[in-house]
Amino acid sequence: MLFTLLIWVLFFLVYLGNRHNRLNRWCFISGMCFSMGVFKEYLYFTLFPAVMQAWPGWMTEELSLDIYSVLTAVLYYFAMPAALVFGFYFSRMDERRPKLFRWARIGVFVPALLFGVFYPYLETRYYQLYDRTYYLCAALYNWLYGVLLTVLLLGTLWRERRTAVYRQKKMVAILVLVPIWYQLISAFLIHLLDLKGLFKAWQGNLPIILFLIIFYLYNAFKGGFMGARFQHESYEWNQDGKLVNQSAQFLRHMLKNEVVKIEWCAQNIQQSAPEEAADYADIILRSTTRLKELSGKALHYSKDIVLNRQVLQIAPLLEACAADYRKLSPGVQVEVRCGEGDELFCDRAHLTEVLNNLLNNAGEAMRGQGSITVEGKPTGRGYQICVSDTGDGIAKEHLGQLFSPYYTTKTNGHHIGLGLYYCRNVMRKHGGSIQARQNETRGTTFVLRFPGE
């Protein structure tokens, strides 16, 4: 029972780190499913016999066996699918491939339900002991899911190896993969090979769990882990928002003091110096103005987003954004396609800023010449806005990093890499997502997906 309690302590710590984070939730759910492997052993071999002896009417051998079988089914059939859903969120499949994600998170549980049809949950203990074919099927099923989860996690670490959350995600991968693979080896491989001397090897999970609890607490005290810092503070551990917000405020404060001094000196030079020096002073003043604009934008884009949602007619909003952009960039044709009666429950100001960002990016990708199409349309599960351009497109190696903070492919010094990061955060606040994809012919399309209300 001590073993079970330690497992529960570990995964409750993960859950309490940030109860609103889906990664934390699914890590907790899968951890609870895995804990049934130890819990059922304690119930069947220790607690239930004591209950049957002390209060015979409360517990029977048949009921005890049924409970054992059901808990075994939870471990064998549902633990790995729950872990795989965690892997989907870890890899940000819900943002990168939302259609696939919607089907995948349901589909991974289908085999667990089919097992219950062909091998009823109440008879799992019987099949476990006497049906080798059943045990082989269960082992292959769990191993397949284990391999898929490992590929997801390691692939994500490779793809995000240069991002701000890489170290955090690497530690999470250790927390998840170490106990899972030990479980897959001790619970299935050893039994399949009939290594009877190692049948109790699953107990080796005890030192592993102790190590992981210490690992969790150490990192939580050191700098924060999976959303928890001690003294306890919740934050989005798999997002960069808090880090970016703190650095933006510090940078703005530092720049503000220095810019004021530079600006004052430049104004004095401008007023008292010869014409050539005054020209240099103009350059300095323009630079200080730009610095103030950039630091203000960094703070605006990195601070927490608060939505003021209302039902909006979407066509006028798209037309207004397009009209403003046509004035700024006459060489770009902007076409709006949207149903006149289409409505969207959203924040007008933030959505307008998102669309302006996407239009500006599209115009820059086309160097001020080309066409942009803005299309809004209802979908089966909500509403979708697509912004497509006819530019050169985005290199494949950049697609995975586009929405990371401070990441930009532009080298003209006027971009700080927070525009698309801000767009992603706005869409997340709406419960939706943003995705970039290459067009079949040329250019790029950014897709905004809003959930149905």
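This is a predicted model: local features need pLDDT of at least 70, side-chain atom pairs count only at pLDDT 80 or more; totals for chains, interfaces and linings use all residues.
**Stop 1: helix H5**

Select residues 98-107, which form helix H5. Colour Pro98, Phe101 and Ala104: these are the buried residues of the helix. Now look down the axis of H5. The buried residues fall within an arc of 120 degrees, so they line one face of the helix. Turn to the other side of H5, where Lys99, Trp103 and Ile106 are exposed.

What do the buried residues of H5 pack against? Show helix H3 (61-90) and helix H4 (93-96), then strand S8 (433-438) and strand S9 (444-451); the buried residues pack against these four elements.

**Stop 2: helices H14 and H16**

Select residues 348-365 for H14 and residues 419-429 for H16. The two helices pack at an angle of about 145 degrees, and their axes are 10 Å apart. The crossing is left-handed.

Show side chains at the contact. From H14, pick His350, Glu353, Val354, Asn357, Leu358 and Asn361. They meet Gly419, Leu420, Tyr422, Cys423 and Val426 in H16. By class, this contact has 6 nonpolar, 4 polar and 1 charged residues.

**Stop 3: the sheet**

Next, show the open sheet of 5 strands, in the order S4-S6-S7-S9-S8. Its pairing is mixed. Strand S4 (332-338) and S8 are the edge strands, each pairing on one side only. Neighbouring strands are turned by 15 degrees against each other on average, direction ignored.

Zoom in on S6 (residues 370-379) and S7 (residues 382-389). They pair in the antiparallel sense over 8 bridges. Finish at glycine 376, which stands opposite isoleucine 385 in S7.

Definitions and conventions:
Residues are numbered from 1 along each chain as its sequence is written. Side-chain values use heavy atoms; hydrogens and water are left out. Buried means under 20% relative accessible area, exposed over 50%, partly exposed in between (1.4 Å probe, protein chains only). The arc is that of the directions from the helix axis to the C-beta atoms. Contact means heavy atoms within 4.5 Å. Axes are lines fitted to C-alpha atoms, for helices over the stretch in contact, and angles run from 0 to 180 degrees between N-to-C directions. A crossing is left-handed if the near helix is turned anticlockwise from the far one by less than a right angle, and right-handed if clockwise. Ala, Val, Leu, Ile, Met, Phe, Trp, Tyr, Cys and Pro count as nonpolar, Asp, Glu, Lys and Arg as charged, and the others, Gly among them, as polar. Two strands pair if DSSP finds at least two bridges between them.
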